Amino acid sequence: MDATIGGCEVERIYAKREITKSHYLLHIFDEIMNIYAVENDKRTWVCKSMGMSQYHDILLDFYGKQRLRYIYLVRDPRDVAMSFMKTPVGDCHYYAIIKKWTKLQYYALRILDETPDLVFSVRYESLLESKDEVMEKLFDFVGERCLGRMLRRGSVQILEDEKKLLSGAKEGGEATKAAKLSYQFKNLTRGESFSKKQMAKWLNSDEALTKDYLLLIESIAYK
């Protein structure tokens, strides 16, 4: 069956409403993520693409405040730029990387200003220093949220104990598979050995940014 037709037909059955043009692609995306979550005994899913912040109005209309939640990871743009320079995909120059990052911040800050109750802000340094405390607050923020108000599915597995979930994350199936695929994901299985070296990497003597690159990044992201 054609994925586009199949995804929307399934959504029509559950939503009991017509699909609008502005929601058409989102219906397909949502159904794929929902099916994948159910097949893996998970009760919800997360999309980590910050680019989704550009479509806040559509997301809010589609999911409503009952389901939609944002996690806003606040990280030093100098560290962000260094991290993206090592990835095998996407922009490959500090100028392009930091221009895109800066643009996306404005979308994120708009959401934070208009719907602060839907946003959980996490400082990268706090995550490195006190992961368990930050993640406990994050789990409380997400709450007992299932796949969504529109879907009527059978029950799925209850969320595991928080400590067990955190300790086993780096050994999970998805993390293990991804780590083998690319340099970009190799750190998913490293755990504490990784986090200790992540604090303010742009100042690290082994990987410190040159003065020219530092000035370039700061001149664009200074606001």
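This note goes through the packing of several helices in a predicted model.

1. Helix α5 (residues 94-114) and helix α11 (residues 211-221) have axes that come within 9 Å and cross at roughly 25 degrees, which makes α5 roughly parallel to α11. The crossing in which α5 passes α11 is right-handed.

2. On the α5 side of this contact stand Tyr94, Tyr95, Ile98, Lys99, Trp101 and Thr102, and they meet Tyr213, Leu216, Ile217, Ile220 and Ala221 of α11. Sorted by class, the contact of α5 with α11 holds 9 nonpolar residues, 1 polar residue and 1 charged residue.

3. Helix α4 (residues 77-85) also approaches α5, with axes that come within 9 Å and cross at roughly 125 degrees. Angles from 65 to 115 degrees count as roughly perpendicular and those over 145 as roughly antiparallel, and α4 and α5 are therefore described as oblique to each other. Here, too, the handedness can be stated: α4 passes α5 in a right-handed crossing.

4. The residues of α4 that take part in the contact with α5 are Pro77, Val80, Ala81, Met82, Phe84 and Met85, and their partners in α5 are Tyr94, Ile97, Ile98 and Trp101. By class, this contact of α4 with α5 comprises 10 nonpolar residues, with no polar and no charged ones.

5. The axes of α4 and α11 come within 10 Å and cross at roughly 120 degrees, so that these two helices are likewise oblique to each other, and their crossing is right-handed. Pro77, Arg78 and Ala81 in α4 meet Leu214, Ile217, Glu218 and Ala221 in α11; the residues of this contact divide into 5 nonpolar, no polar and 2 charged.

6. In helix α3 (residues 56-63), the buried residues are His56, Leu59, Phe62 and Tyr63, and they lie on the same side of α3 because they cover an arc of only 135 degrees around the axis. An α-helix has 3.6 residues a turn, so residues three or four places apart point the same way. The buried residues of α3 pack against α2 (24-39), β1 (70-74) and α5. After α3 comes Gly64, whose phi is positive, near 75 degrees.

Methods:
Residues numbered from 1 in each chain as written. Predicted model: local features only at pLDDT ≥ 70, side-chain atom pairs only at ≥ 80, totals over all residues. Heavy atoms only, no water. Axes fitted to C-alpha atoms, helices over the stretch in contact; angles between N-to-C directions. Helix = DSSP H or I, 4+ residues; strand = E, 2+ residues; numbered from the N terminus. Parallel < 35°, antiparallel > 145°, perpendicular 65-115°, else oblique. Left-handed = near helix turned anticlockwise from the far one by under 90°. Contact = heavy atoms within 4.5 Å. Nonpolar A, V, L, I, M, F, W, Y, C, P; charged D, E, K, R; others polar. Buried < 20%, exposed > 50% of the residue type's maximum accessible area, 1.4 Å probe, protein only. Arc of directions from axis to C-beta.
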